[in-house]
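Trainee: Please take a close look at a single part of this model. I would like one connected account.

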Amino acid sequence: MVCTRKTKTLVSTCVILSGMTNIICLLYVGWVTNYIASVYVRVQEPVPDKKLDEDKGDTLRIIERLDHLENVIKQHIQEAPAKPEESAAEAFTDSSLFAHWGQDLSPESRRIALKQFQYYGYNAYLSDRLPLDRPLPDLRPNGCRNLSFPDSLPEVSIVFIFVNEALSVILRSIHSAIDRTPPHLLKEIILVDDNSSNEELKEKLKDYVDKVNAHKPGFIKVVRHNKQEGLIRSRVSGWRAATAPVVALFDAHVEFNVGWAEPVLTRIKENRKRIISPSFDNIKYDNFEIEEYPLAAQGFDWELWCRYLNPPKSWWKLENSTAPIRSPALIGCFIVDRQYFQEIGLLDEGMEVYGGENVELGIRVWQCGGSVEVLPCSRIAHIERAHKPYTEDLTAHVRRNALRVAEVWMDEFKSHVYMAWNIPLEDPGIDIGDISTRKALRKKLQCKTFRWYLVSVYPEMRMYSDIIAYGVLQNSLKSDLCLDQGPDTENVPIMYLCHGMTPQNVYYTSSQQLQLGVLSPTVDDDDNRCLVDVNSRPRLIECSYAKAKRMKLHWHFSQLLCCTDPLTRLSALTFQEGPIQNQRSKRCLELQENSDNEFGFQLVLQKCSGQHWSITNILRSLSS
Ligand SMILES: [Mn+2]
């Protein structure tokens, strides 16, 4: 469960890069993620303009890096050949593990630490050397310490799920839960081992559990999967084993902070249809220091990757930093009334491995009469790994799970998920499994529409009902090249070898805008960038800005309507073609031969010469 900002599209690029090994992809994503972490600027107050500027900085720099993707990969390929064991430690001194930690270690220790880091995605070597009961800074906002809570609160079962987690990290999770939950409120701890292969998680973990249970019989329960079920079904396994009236579902790489439980149990006692997330702080994966995170709601983008959100305006107006924060979704760890969780349908167990279940739960709870909130006074520190253990083909699982959510819950907005993933709405060739029981659940619970949810619960989300075509944009003159947003520094679009990653996403709207790049998820993110004719040169400018400045951002794109279904007006055909002409300047977007250019062609605006373009997916007829 990790929700850093702005890294998700980069992760998704991994799957598409054919012929690239996962390891190289991991290195790349890990590197970008680290980069993001270092440029991430916390937003303390709702100052939209400031935030936009900061976000823009992030995004631009990320995109810049995407553009250098090929070089990065090539470099890693060249560096990849196995090096002799003894030199490995020195060879990897540039690992992000050693940027802020471990300078004094011997080469042998560095080698061991690095090996563990590569396995776990965090510094298990250091974790093994830190006390299990180490203190945490009390990061609760002012006011939390003075709150009073009812004498009688429901008991909670805490579930930790893991697969091949470092033993010391699991034990610290357990310790912090025991130390910082009032004993009369903590009924039991449930460990769900999703079929780890790691030896220390067998005998050694059992020894520890036996030792605790010798004092408190049955206090720690262990559930072991015979085969790997993934994070989603692991959480449900933990819930099934739980017996307290409230269940807390957590990763096993967390540390509970003081006073976390009382606010949560109070809110659930008041209303059992509330699903609660604590506020998260970060345990840095390299030096295990605690990094305070700003208060945030939890949402998602149109690919359904989770993300932190600025709390809603209504919350800021309260000027009470202890007040619950309304949240459109969950990032993955949450606390719920045990029976209510069953009534609303647990998690979607038809989902595989990782991702999407947290978004689905948030949408479902809201649409079906419950609510989701984040509590500022309840804080948990969580290790954001440098890379995930599930990473093999992670994105494919997230995409499949996202399509299940889209098909069951999103009504006419399901197209947004397909558009964001840049896959056709009809026959995308992805088996999402059986969704009939989830659809029946929605009917049984008489849930509201997704439009209601967007308007009432997640108004920050951008709607894209005006998009009529999307995909990559290719010119008939040279069909192995695609329109690409290019190096961002000058906002100059280019033609580049087709790779289909987000820099080549093109969206054409009914108001005849051509937008390039990632589909901006919320109003707090950068606006989309529009193709604009600036003094006869193609440029990319934020659409809202270009519109306000009355720039030349409208393009006529007439395609041959060869095969539109007369009933649905839908067409999934890919090879429809037509010129792209600016409405006001009348110039056409075309290719011009240029031997100086890397691929022999340059993108220009010129007098129309009859060149044709095609876009991959048509949602509605372009002539309508
Ligand atoms: Mn996690």
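Mentor: Start with a definition: a residue is buried if 20 or more other C-beta atoms lie within 10 Å of its own, exposed if 12 or fewer, and partly exposed in between, with C-beta atoms placed from the backbone. The model is predicted: local features need pLDDT of at least 70, side-chain atom pairs count only at pLDDT 80 or more, and totals for chains, interfaces and linings use all residues. Residues are numbered from 1 along each chain as its sequence is written.

Now take isoleucine 380. Isoleucine 380 has 24 other C-beta atoms within 10 Å, so it is buried. Its place is in strand S12, residues 371–383. Strands are DSSP runs of E, at least two residues; helices are runs of H or I, at least four; both are numbered from the N terminus.

Next, its partners. Contact means that the C-beta atoms of two residues, placed from the backbone, lie within 7 Å. Leave aside neighbours within four places in sequence. Isoleucine 380 is then in contact with Val254, Phe256, Asn257, Trp260, Pro278 and Phe280. Cysteine 333 is 47 residues away along the chain, and its C-alpha atom is separated from that of isoleucine 380 by 9.9 Å.

Finally, the setting. The protein chain holds 19 helices and 24 strands. Of its 624 residues, 45% are buried. Take contacts in the chain between residues at least 6 apart in sequence: 73% of these join residues at least 24 apart.
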